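Subject: A structure for you to look through

Dear colleague,

I am passing on a structure that I would like you to read through slowly, with the notes below beside you. Please open it first and then compare each note with what you see.

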Amino acid sequence: MTVGTYIPPHFHQDDPSILVEIVESHPFAALTLCDEEGQMRCVHLPFLRFGDPRHPASWRFESHLARANPVAEALAEGREAHALLVFTGPDAYVSPRWYVDARETSVPTWNYQAVHVRGRVRLAGEGDPGWLDRHLHALIDTHQARIADAPFDWTHLPEAQIEEMKRAIVGVEVFAEQVECIEKLSQNKTADDREGVIDGLFARGDEECRAMAMLMSERESDRSSRG
């Protein structure tokens with residue numbers, strides 16, 4: 001049985017470049033799987049994406065988690081499971097008072113951005129002694145660069161401490177079979193209503209609302225350039 005995400009046509013996003021931007025700008029995702037006994041298990045982890053950016057079906061995601069985590073236990077001994085990996089971008093409450101054209105006929109709603117990756121999940125690197133080192137260095141280097149900080153080198157730590165920490169974790173990888181994106185950015189409203197929402201979000205002043213306003217502004221610029 002194929003299960004998909006409910007996405008109204010107004011809010012469907014399938015541009016691979018935008019999907020890449022979401023999963024790489026918001027890499028902390030929720031991984032949910034169903035084990036052999038039918039138990040649902042969930043863990044929140046930072047992921048790295050691999051594969052051709054133009055073809056989401058080729059994507060693979062890597063992370064790591066505690067060996068004691070029930071998710072890792074469910075995948076022990078080479079077991080695989082169906083998985084849902086959810087990345088979320090900015091989100092914000094939208095007041096109907098911000099609309100221009102639909103102020104009197106609308107109700108409050110929520111704008112948001114999310115990518116759902118369905119596929120198979122398994123433990124990674126169990127037979128490769130160097131996998132965990134490569135993964136951890138790649139993950140750390142990627143996010144040190146994102147905060148414009150100097151690279152972090154753990155060689156100053158006692159070797160016994162490093163080995164103890166590495167024994168306590170295990171790699172995990174997700175192979176994408178279906179990737180879907182929903183961007184609910186008031187696309188079902190008029191241009192004036194969207195501008196009203198953008199102004200209202202900027203006026204709120206908090207970072208999440210500002211991020212949503214910036215995202216909506218970018219999409220409005222894209223519409224203008226195409227028009």
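The notes below begin with the whole chain and then turn to strands, a helix and aromatic rings.

Please keep in mind that this is a predicted model, in which local features need pLDDT of at least 70 and side-chain atom pairs count only at pLDDT 80 or more, while totals for chains, interfaces and linings use all residues. Residues are numbered from 1 along each chain as its sequence is written, and side-chain values use heavy atoms, with hydrogens and water left out.

The protein chain holds 6 helices and 8 strands, where helices (H or I, at least four residues) and strands (E, at least two) are DSSP runs numbered from the N terminus. Along the sequence, their order is β-α-β-β-β-β-α-β-β-α-α-β-α-α. The C-alpha atoms fill a box of roughly 65 × 45 × 30 Å along the principal axes. Of the 227 residues, 43% count as buried, a word that here means under 20% relative accessible area, with exposed meaning over 50% and partly exposed in between (1.4 Å probe, protein chains only). If we take the contacts (heavy atoms within 4.5 Å) between residues at least 6 apart in sequence, 72% of them join residues at least 24 apart.

Among the strands, E6 and E7 pair in the antiparallel sense over 12 bridges, and two strands are said to pair if DSSP finds at least two bridges between them. In this pairing, Val-94 stands opposite Thr-109 in E7. Strand E7 also pairs with strand E8 (residues 169-184), again in the antiparallel sense, over 13 bridges, and here Ala-124 stands opposite Gly-171 in E8.

Helix H3 (residues 131-146) has 16 residues and reaches 23 Å from its first C-alpha to its last, close to the 22 Å expected at 1.5 Å a residue; the expected span is 1.5 Å times one less than the number of residues. Its buried residues are Trp-131, Leu-132, His-135, Leu-136, Leu-139 and Gln-144, and what covers them includes strands E3 (40-46), E4 (48-50) and E5 (60-66), as well as E7, helix H4 (159-167) and E8. After H3 comes Ala-148, with a positive phi near 55°.

How many aromatic pairs does a search of the whole structure find? It finds 4, counting rings of Phe, Tyr and Trp (its six-membered ring) whose centres lie within 6.5 Å, with planes under 30 degrees apart called stacked, over 60 edge-to-face and the rest tilted. One of them joins Trp-59 and Phe-61, which are edge-to-face at 6.3 Å centre to centre, with 80° between the planes. Trp-59 is buried at a relative accessible area of 1%, and Phe-61 is buried at 1% as well.

The rings of Tyr-93 and Trp-110 have centres 5.9 Å apart and planes at 70°, so this pair is edge-to-face. It links distant parts of the chain, 17 residues apart, with Tyr-93 in strand E6 (residues 81-94) and Trp-110 in strand E7 (residues 109-124). Tyr-93 is partly exposed at 34%, and Trp-110 is partly exposed at 44%.

Finally, Phe-47, Trp-59, Phe-61 and Phe-87 form one aromatic cluster. The charged end of Arg-49 sits over the ring of Trp-59, 5.1 Å from its centre, a label that requires CZ of Arg or NZ of Lys within 6 Å of the ring centre and within 35 degrees of the ring normal. Arg-60 lies over the face of Phe-50, at 4.8 Å from the ring centre.
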